[in-house]
Amino acid sequence: MKKNQFLENFIHGIFLLLGLITVGCVLLITMYLVISGIPAICKIGPINFLFGTEWASTAKEAKYGILPFILTSIFGTAGAIVIGVPVGFMTAVYLSKLACPKVKSAMQSVVSLLAGIPSVVFGLVGMLVLVPGIRKVFQVPDGAGLLAAIIVLAIMILPSIIKMSVTALDAVPKEYEDASLALGATPVETYFRVSVPAAKSGIAAAVVLGVGRAIGEAMAVMMVAGNAPNMPNSLFQSVRFLTTAVAGEMSYSSGLQQQALFSIALVLFLFIMFINAALNFFLKREKE
Amino acid sequence: MKKLVITMLSMMLMCFVLVGCGAENAGSVSTDGSTSMEKVIGGLGEAFQNNTGIVFTYNPTGSGSGIKAVEEGRCDIGLSSRELKEEEKALGLKSTVLAYDGIAIIVNNENTVTDLSLETIAQIYVGEIINWSEIGGKDAEIVLVGREAGSGTRDGFESIIDSVDACNYRQELTSTGDVITAVSQNPGAIGYVSVASVKDSVKILTIDGVAATEENIKDGTYLLQRPFILVTKEDEALSEEAQKFFDYITSGDANDIISAAGVVPAN
């Protein structure tokens with residue numbers, strides 16, 4: 001009996017330890033980012049750092065203003081949401097309510113496949129197809145820029161939006177829809193007036209998840225955005241995102257430049273924490 | 001009981017193997033640094049390892065990181081594709097030129113321009129010349145493609161054309177391959193890459209009428225070139241194995257391999 005008890009406790013301890021590995025990683029990364037990100041912000045000055053409009057990290061008189069990166073990340077993500085959410089949402093409604101089972105299962109596996117495509121492949125296709133395409137269609141000197149990044153991001157966030165919205169729409173009780181249909185509403189009216197409002201927390205969570213995916217993407221964006229540290233004042237402007245600012249310069253950086261890159265990572269981390277908090281808020285509301 | 005003995009024996013055996021590996025690792029040469037030097041140092045390391053059996057490692061981190069790695073004693077020999085800065089020399093680091101790397105100016109295959117002077121290239125990259133028609137090409141805006149801040153190629157290029165941090169890039173890409181791809185996709189683009197890594201998908205321009213060939217780089221008539229440097233500590237002797245490697249690659253015996261990598265041997 002005692003031996004059994006000991007074994008139980010022992011296994012319990014092992015599971016706890018394994019669980020703590022994840023928690024430990026998060027704590028370690030957070031602490032590391034804060035410790036290595038704060039010094040540069042102090043040295044440069046929080047106002048100069050966050051609201052400076054010029055980034056020239058290797059110049060003799062180095063300038064470390066990351067406002068262009070912050071705005072680019074916000075605009076880029078917003079653009080991806082504006083394109084990706086309507087497409088993803090409509091697809092989800094179709095898959096959940098209108099599609100016949102065969103089409104539904106086929107389309108859902110395609111969506112899963114899209115989620116599994118590595119981001120470097122998105123970047124490569126963007127570089128070889130999208131960027132020259134934008135150059136020809138809009139008659140601009142170069143297609144790499146904000147618009148190309150927005151389109152790539154919009155496609156990349158589709159799977160998360162579709163999958164989560166479908167789950168939310170599938171979970172709407174059938175009685176709601178039956179009642180609506182019995183009162184004389186058409187099926188489409190029912191889906192948009194009854195099903196969608198009932199699933200709105202889940203759909204909102206899907207959008208937030210898409211935002212998180214878009215703001216954290218680096219590889220694909222780096223290959224199509226041009227990466228010059230300009231203010232994003234035109235759709236065809238060559239721009240640099242928060243993620244690509246860190247990833248692009250990290251390999252060769254040193255001194256204050258490297259510390260400033262950690263500070264950018266810290267700012268990005270705060271953005272993502274905020275998005276995660278929003279996600280949790282929506283998910284919690286859905287449960288209630 | 002028998003099982004236990006077997007387990008213990010196999011564990012002891014594993015220990016011996018591990019110790020053996022450890023001993024071999026101690027007799028190795030580690031290099032760290034410039035990604036531009038990957039081709040040349042990789043070839044040299046392989047030949048050295050085959051000839052002597054000494055394990056050779058190369059960590060492609062970038063010139064800055066390589067120099068830092070030597071300074072902190074994390075590797076035997078650092079690799080830099082730019083001359084050491086004064087503050088780096090002040091830390092007790094010594095540079096030895098291994099080879100010269102030509103930087104090629106590349107344009108799209110559709111571009112009709114074939115030759116530019118060094119000054120014109122500088123004017124293009126700082127934004128004084130913005131259309132190909134100003135220098136004898138078609139009427140199209142010049143799209144400047146370059147490398148990210150801190151890249152050895154960018155530093156080499158900007159210091160040769162004397163416009164460090166003054167270049168007005170449209171695209172800053174993080175690898176040579178990306179630069180070539182971007183230029184090959186855009187008829188108005190111009191970019192710079194190591195001569196060693198140019199492919200047929202783009203056109204190489206001559207500089208002041210001189211082509212980027214090995215002879216021209218070696219005799220100095222091709223002006224866009226930079227040194228590939230071995231970084232060591234001034235006051236600290238290399239390990240026996242590292243010294244062997246250093247002597248081998250700087251003695252001239254390995255010049256064939258250096259040339260095969262598309263750069264010009266210095267010794």
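Predicted model: local features only at pLDDT ≥ 70, side-chain atom pairs only at ≥ 80, totals over all residues.
Reader: Is A:Tyr176 buried, partly exposed or exposed?
Author: Start by counting its C-beta neighbours inside 10 Å, which come to 14. A residue needs 20 or more to be buried, and 12 or fewer to be exposed. With its 14, A:Tyr176 therefore counts as partly exposed.

Reader: Which residues does A:Tyr176 touch, leaving out those up to four places away in sequence?
Author: One C-alpha distance gives some background: A:Thr190 is 14 residues away along the chain, and 8.9 Å separate its C-alpha atom from that of A:Tyr176. For the contacts themselves, residues up to four places away in sequence are set aside. What A:Tyr176 then touches is A:Val194 and A:Ala198.

Reader: How many helices and strands are there in chain A?
Author: Let's walk from the N terminus: the order is α-α-β-β-α-α-α-α-α-α-α-α-α-α. Counted by type, chain A has two strands and twelve helices.

Reader: What percentage of the residues of chain A count as buried?
Author: For scale, the C-alpha trace of chain A spans about 75 × 75 × 30 Å along its principal axes. Take the contacts between residues at least 6 apart in sequence: 72% of them join residues at least 24 apart. As for burial, the chain has 288 residues, and the share that counts as buried is 41%.

Reader: How do α6(A) and α9(A) run relative to each other, roughly parallel or roughly antiparallel?
Author: Helix α6 of chain A covers residues 146-170 and helix α9 of chain A covers residues 200-216; their axes are 8 Å apart and the packing angle is about 155 degrees. Angles over 145 degrees count as roughly antiparallel. So α6(A) and α9(A) are roughly antiparallel.

Reader: Which hand does the crossing of α6(A) and α9(A) have, left or right?
Author: Picture the residues that meet there: among them are A:Leu153, A:Ile157 and A:Met164 from α6(A), and A:Ile203, A:Val207 and A:Arg213 from α9(A). By class, this contact has twelve nonpolar, five polar and one charged residues. The crossing of the two helices is right-handed.

Reader: What is the phi of A:Asn227?
Author: A:Asn227 lies in the loop between α10 and α11 of chain A. It counts as buried because it has 31 C-beta neighbours inside 10 Å. Most residues other than glycine have a negative phi. A:Asn227 is not a glycine, yet its phi is positive, at about 65 degrees.

Reader: And B:Asp162, is that one buried or exposed?
Author: B:Asp162 is in chain B, in the loop between α6 (152-160) and β7 (171-173). Its phi is positive too, near 55 degrees, and it is a residue other than glycine. Since B:Asp162 has 11 C-beta neighbours inside 10 Å, it counts as exposed.

Reader: Which element gives the most residues to the side of chain A that touches chain B?
Author: The contact takes 25 residues from chain A and 23 residues from chain B. On the chain A side, the elements giving two or more residues are α5 (119-138), α10 (219-224) and α11 (242-250). The most, five residues, come from α5(A).

Reader: How far apart are the centres of domain 1 and domain 2 of chain B?
Author: The domain assignment of chain B gives domain 1 as 29-100 + 228-265 and domain 2 as 101-225. Between them, 16 residues of domain 1 of chain B are in contact with 13 residues of domain 2 of chain B. Taken over C-alpha atoms, the distance between the two centres is 27 Å.

Terms used. Residues numbered from 1 in each chain as written. Chains lettered and ligands numbered in written order. Contact = placed C-beta atoms within 7 Å. Helix = DSSP H or I, 4+ residues; strand = E, 2+ residues; numbered from the N terminus. Domains from an automatic or database assignment. Axes fitted to C-alpha atoms, helices over the stretch in contact; angles between N-to-C directions. Parallel < 35°, antiparallel > 145°, perpendicular 65-115°, else oblique. Left-handed = near helix turned anticlockwise from the far one by under 90°. Nonpolar A, V, L, I, M, F, W, Y, C, P; charged D, E, K, R; others polar.
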